[in-house]
Amino acid sequence: MIKEALFLFSKINSFGVHGVEGFPVTVEADVSDGLPGFIMVGFLSEAVREAQERVRTALKNAGIHLPPKKVMVNLSPGDIRKEGTAYDLAIAAAVLCCLGEASEAGLEKSAFIGELGLDGCVKPVKGVLPRVFAAAGQGIRRMFVPSENTAEGTAVKDIEIIGVNSLSELAGILSGRIEAAGHWFDEAMFREEDRLSYPVDYDEMLGLPTVRRACQAAAAGRHNILFIGPAGTGKTMAARRLPTIMPPITLEESIEVSKIYSICGLLKKEEPLIRARPFRSPHHGITAQALAGGGRNPRPGEISLSTHGILFLDELPEFPAALLDLLRQPMEERMITVTRLNGAVEFPADAMVAAAMNPCKCGFYPDLGRCTCTETQIRRYLSRISGPFLDRIDIGVEVPRQAQPFVTGKKRGESSASMRERVMAARQIQQERFKGEECRFNSQMGKRQIENCCGLKKSDERFLNDVFRAYGLSARGCEKILKTARTLADLDEKKQIGRGHLGEAVSFRSFEKKYWGFKF
């Protein structure tokens with residue numbers, strides 16, 4: 001029953017999403033005498049403006065009468081555009097407080113997000129995780145969310161999550177007629193065994209010791225890697241197992257990745273945190289917006305969804321050249337900026353790029369006995385990949401055909417767990433080396449770090465100078481060889497880069513000259 005003379009002003013907390021971070025939104029409602037109507041202001045998208053009809057109808061079907069009064073709702077700050085349907089629940093809560101159907105006492109430390117159905121049900125929304133994180137950072141202690149988003153909300157510490165199924169249930173909780181069932185962060189949702197659980201393993205790959213070594217170096221130093229060789233030799237097999245030899249994802253990394261997945265609606269109800277390193281393998285028909293992120297209301301793309309994991313580009317030459325060149329800047333800066341008329345949005349792009357390709361259209365070059373492509377066709381095929389993109393590749397490894405590629409029985413290669421131990425030992429060396437610095441991996445070293453960490457013996461300096469003169473190395477090419485050599489030395493737990501490490505690093509750059517004829 002509506003209480004007379006309680007048509008008041010109320011203020012409710014809610015949160016929106018900008019980029020991958022949440023921001024506070026204050027929902028102000030005023031019900032007063034005047035020409036009946038439901039007016040909403042505050043730089044709103046059409047989806048938010050439609051909330052007035054959803055809220056009005058949901059209140060009616062929940063048995064709450066909205067009198068013929070003037071209802072004014074404002075979402076502030078007014079200079080940030082509000083998108084989506086997640087403000088419905090906060091708007092309804094503000095109107096309930098004005099009508100006297102709910103008490104506003106104690107709600108200054110509470111916030112509301114959720115979409116309303118016309119029957120008064122509360123529907124799940126995207127982007128709950130970044131909103132709850134922002135709420136916890138703003139001192140909010142209680143968050144009302146759709147019941148289906150409850151598990152996602154409990155991924156945040158120090159905030160109580162209350163899942164609601166309907167508007168009538170929310171009114172009952174706010175009026176004190178119904179006791180709220182709160183949920184809190186549970187450490188069990190981030191078990192270590194889940195972070196190391198993968199359906200594939202390197203023990204399924206027999207032979208190919210050079211490929212294994214290249215994979216370990218790439219995983220240890222976060223180097224971008226290219227697999228090149230004939231079809232069916234194991235390029236994709238090797239790439240898909242890269243996450244299995246990387247260190248388990250940390251809680252901080254998991255939270256950052258989970259925010260991105262939450263915004264895209266890719267989090268599973270039963271798994272509110274991403275507990276394994278992402279592996280994304282987009283088809284070469286992907287659009288620029290899907291790869292890099294964008295849209296009218298910008299959303300993260302595949303490069304952001306791969307953050308702290310692997311972005312795998314299979315059949316690399318089949319990707320349009322413009323798409324590959326679009327990745328050049330994110331591969332260097334580990335961040336991508338999407339600019340629209342309403343402003344710029346930054347998305348993380350801290351992924352390791354792995355790519356695989358055949359050396360020609362038929363897949364057999366440089367085996368001229370089997371290759372059916374002409375020289376012109378080979379050059380045209382390889383020229384689809386630009387030199388500047390190849391310059392972002394640290395390690396290139398050929399995957400040859402094996403004399404005995406398939407063996408029946410229980411014969412196994414070295415396991416991912418064994419390879420991961422060496423990778424983690426190398427990562428620990430880097431962690432101590434770059435303590436207190438922004439740089440975290442050998443692949444991210446700048447000129448100063450290279451000078452401090454990649455010192456060579458005089459004889460090895462002469463060797464590198466000979467390579468420089470013989471192959472016309474660029475300064476960037478020299479730096480990449482030194483970074484890779486540093487990682488190879490870390491894998492061998494050597495403080496000093498040796499001749500063998502330098503030679504191995506040079507061999508991992510020789511693909512560019514062999515196939516493209518560029519001076520690497």
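This report walks through a predicted model of one protein chain, from its overall build to a few local details.

**The whole chain**

The protein chain has 520 residues, and 52% of them count as buried. Its secondary structure comes to 22 helices and 17 strands. Taken along the principal axes, the C-alpha atoms fill a box of roughly 90 × 50 × 45 Å. Contacts can also be sorted by separation along the chain. Among those with a separation of 6 or more, 74% join residues 24 or more positions apart.

**Two packed helices**

Two packed helices are described by the angle between their axes and the distance between the axes. Here the pair is α3 and α6. The table gives the residue range of each helix and the residues that meet in the contact.

| Helix | Residue range | Residues in the contact |
|---|---|---|
| α3 | residues 88-99 | Leu-89, Ala-92, Ala-93 and Leu-96 |
| α6 | residues 167-175 | Leu-167, Leu-170, Ala-171 and Leu-174 |

What classes of residue make up the contact of α3 with α6? There are eight nonpolar residues, no polar ones and no charged ones.

Now the geometry. The helices α3 and α6 pack at an angle of about 50°, and their axes are 11 Å apart.

**A helix checked by its length**

Helix α20 covers residues 475-491, which makes 17 residues.

Is α20 mostly covered or mostly uncovered? It is mostly covered, as 14 of its 17 residues are buried. After α20 comes Glu-493. The phi of Glu-493 is positive, near 55°.

Asn-74 lies in strand β4, which spans residues 70-76. Its relative accessible area is 23%. A residue counts as buried under 20% and as exposed over 50%, so Asn-74 is partly exposed.

Which residues does Asn-74 touch, leaving out those up to four places away in sequence? They are Thr-26, Val-27, Glu-28, Val-41 and Gly-42. Arg-56 is 18 residues from Asn-74 along the chain. The C-alpha atoms of Asn-74 and Arg-56 are separated by 16 Å.

Methods
Residues are numbered from 1 along each chain as its sequence is written. This is a predicted model: local features need pLDDT of at least 70, side-chain atom pairs count only at pLDDT 80 or more; totals for chains, interfaces and linings use all residues. Side-chain values use heavy atoms; hydrogens and water are left out. Axes are lines fitted to C-alpha atoms, for helices over the stretch in contact, and angles run from 0 to 180 degrees between N-to-C directions. Helices (H or I, at least four residues) and strands (E, at least two) are DSSP runs, numbered from the N terminus. Contact means heavy atoms within 4.5 Å. Ala, Val, Leu, Ile, Met, Phe, Trp, Tyr, Cys and Pro count as nonpolar, Asp, Glu, Lys and Arg as charged, and the others, Gly among them, as polar. The expected span of a helix is 1.5 Å times one less than its number of residues. Buried means under 20% relative accessible area, exposed over 50%, partly exposed in between (1.4 Å probe, protein chains only).
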